[in-house]
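User: Can you walk me through this model? I'd like to go over helices, cores and turns.

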Amino acid sequence: MAEVTIYTKPGCPYCAAAKEHYSKQGISFTEIDVYEIPGAKEEAIRLTGRRIVPVIIEDGKVQVGFGGG
């Protein structure tokens, strides 16, 4: 099964949609709130070069944003 990590921030509708998508697919994921976890925002920027969430890492592949299921 896919290993998924989602970098999120509170109130982000795209983050909520991504989490809902993976939940409906029965795929478990680790959520990292970039405001709650020290260093998470910097790590998300390092991974993508951008200041955008969600950042989704699925089996090592990094995706910026979420456009729907």
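User: What am I looking at, and how are residues counted?

Analyst: This is a predicted model, where local features need pLDDT of at least 70, side-chain atom pairs count only at pLDDT 80 or more, and totals for chains, interfaces and linings use all residues. Residues are numbered from 1 along each chain as its sequence is written, and side-chain values use heavy atoms, with hydrogens and water left out.

User: How many residues does α1 have, and how far does it reach?

Analyst: Helix α1 covers residues 13-24, so 12 residues, and spans 16 Å from the first C-alpha to the last. That is close to the expected 16 Å, taken as 1.5 Å times one less than the number of residues. Helices here are DSSP runs (H or I, at least four residues), strands are E runs of at least two, and both are numbered from the N terminus.

User: Which residues of α1 are buried?

Analyst: C15, A18 and Y22 are buried in α1. Buried means under 20% relative accessible area, exposed over 50%, and partly exposed in between (1.4 Å probe, protein chains only).

User: Why do they line one face?

Analyst: Looking down the axis of α1, the buried residues fall within an arc of 60°, so they line one face of the helix. The arc is that of the directions from the helix axis to the C-beta atoms. As background, an α-helix has 3.6 residues a turn, so residues three or four places apart point the same way.

User: What covers that face, and what's on the other side?

Analyst: The cover over the buried residues of α1 includes β1 (4-8), β2 (29-33) and β3 (55-58), with contact meaning heavy atoms within 4.5 Å. P13 and K24 are exposed on the other side. Just after α1, G26 has a positive phi of about 75°.

User: And which residues are buried in α2?

Analyst: A40, A44 and T48 are the buried residues of α2. They cover an arc of only 60° around the axis, which puts them on the same side of α2. That buried set packs against β1, β2, β3 and β4, while the face turned away from it carries exposed E42 and R46.

User: Switching to cores. Which residues make up the largest nonpolar one?

Analyst: The largest nonpolar core has 10 residues: Y7, C12, C15, I32, V34, A40, A44, V53, V55 and I57. The elements giving two or more residues to this core are α2 (40-48) and β3. Apart from it lies another core of eight residues, including V4, I6, Y22 and I27. A nonpolar core is a set of buried Ala, Val, Leu, Ile, Met, Phe, Trp, Tyr and Cys residues joined through side-chain atoms within 4.5 Å.

User: There are cysteines in there. How many disulfides?

Analyst: Zero disulfides, going by a pair of cysteine sulfur atoms within 2.5 Å. C12 is buried at 9% relative accessible area, and C15 is buried at 1%.

User: What does C12 touch?

Analyst: Not counting residues up to four places away in sequence, C12 touches V53 and P54. The peptide bond from V53 to P54 is cis, with omega near 0°, and P54 is in the loop between α2 and β3.

User: How about T8, buried or exposed?

Analyst: T8 is buried, with a relative accessible area of 1%, and belongs to strand β1. Beyond neighbours within four places in sequence, T8 is in contact with C15, K19, E31, I32, D33, V34 and V53.

User: Last topic: how do β3 and β4 pair?

Analyst: They run antiparallel over four bridges; pairing requires that DSSP finds at least two bridges between the strands. I57 stands opposite V62 in β4. The hairpin has two residues between the strands, and D59 there takes a positive phi near 50°, although D59 is not a glycine. D59 is exposed at 54% relative accessible area.

User: And what is V62 in contact with?

Analyst: Setting aside neighbours within four places in sequence, V62 is in contact with L47, T48, V55, I56 and I57. V62 counts as partly exposed, at 35% relative accessibility.
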